[in-house]
Amino acid sequence: MLNFKSLLKVSAGLILVSTIGVSTKAQAQSADVPFGGTIPSNCVFGTPTPGILVKTGTFAAIEGSTGVSGVNFGTAGKVSVNCSTGATLTVAAPTAVVVPATFVPAKTQSVVQRGTNTALTDFASANTGGPFWPASAFPAQGITLPAGNSDLNVAMVAGDVVSGSIPSGSYSYYVRVTVAPN
Amino acid sequence: MQNIAFSVGVLLILTSIAPNAQAQSIDIPFSGTVSNSCSFSTPTPGTLIQSPNYAAIESNGISQGKGVQVSVNCGSGGKLTIDTPKAIQVPSNFNASTLQSIVKRGNGSTAEDIASASSGGTFAAVSTIATPTMILPAGNSDLNVGMIAGKTIPGLIPNGDYRYTVKVTIAPN
């Protein structure tokens, strides 16, 4: 915010600089020069592709995961993120938007995979009620993203690791992915 | 020297004004519909012939493992149960002491993919499997249904019209 006073100060500062340069005996003086502006976030997400939920085979669960290595029911969601510097990615457990009233999942889990990379450090995961998928495959952790573009595959599951049915009806969830630039 | 001090002062100001980069979040939506019902396709009626092995009437192709094709689609899988053949019309002098029906999922390559219901014994050329139930996975299953009725010994059966039905029931999971 540069008001008239500030402009005067800037002018004074500039004059001072030129003056000091030629007059070594002048008193030291200082001037505060204000700067302002909005720094944009260092990461920008693309438009997400929604995932598709289906029943998890014979398990009493609903899942959208095909696209993430090692899991294959329904379809994983996708989103790209471009970070000007490295960043830390975290994922939250799935949040139910609309589910049948009688559907009370014992466990929920989300997984984010960075591209098709399969090192453990390329997976982020969060769960409620304990992991549905093996913790050895998808540890509960974040991902350190490199600078540049990252394609993210996002899987989720809600239910229990037991054979059985789930109520008929519409299911709608979302999985929140957060990146914090370094 | 004073020029340098001034420059340093400006740099410090810059540093203090620049805000930390903001964390960004995005919500990835997921949705789907689960239907626990099962639906059948309309079956094409099968053809009955004199059994080449027994004094029996049998559905054409059953000895070759073929049958009437019907597909079923279960949103979340189900349990199939097959009944023994039920006579609708047979010649009055036809004595069917053994009845057997069979259903295979796909090629029926494993015992889990075969169900058969029988009374009065089984026809060895058809199947010796006696379990009338089968677990169906979620999604589409192509089923082949066959039947045989008569005696488990070689022989001919009376001329005339033969009509049977085989009931297949699926209980959704």
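Eleven residue pairs are in polar contact between chain A and chain B, both residues at pLDDT 80 or more; a polar contact is a pair of N or O atoms within 3.5 Å, where within protein one must be able to donate a hydrogen and the other to accept it, and residues adjacent in sequence count only if both atoms are side-chain atoms. Strand β12(A) gives the most to the side of chain A that touches chain B, with 13 residues. This is a predicted model, in which local features need pLDDT of at least 70, side-chain atom pairs count only at pLDDT 80 or more, and totals for chains, interfaces and linings use all residues. Residues are numbered from 1 along each chain as its sequence is written, chains are lettered from A and ligands numbered from 1 in the order in which they are written, and side-chain values use heavy atoms, leaving out hydrogens and water.

Let's stay at the interface for a moment. Chain A brings 51 residues to the contact and chain B brings 26, with contact meaning heavy atoms within 4.5 Å. One salt bridge is found across this interface: the side chains of A:R176 and B:D27 meet at 2.7 Å, N to O (the rule asks for a side-chain nitrogen of Lys or Arg within 4 Å of a carboxyl oxygen of Asp or Glu).

Now look at A:V177. Leaving aside neighbours within four places in sequence, A:V177 is in contact with residues of both chains, including A:F45, A:L89, B:I26 and B:I28.

Methods
Helix = DSSP H or I, 4+ residues; strand = E, 2+ residues; numbered from the N terminus.
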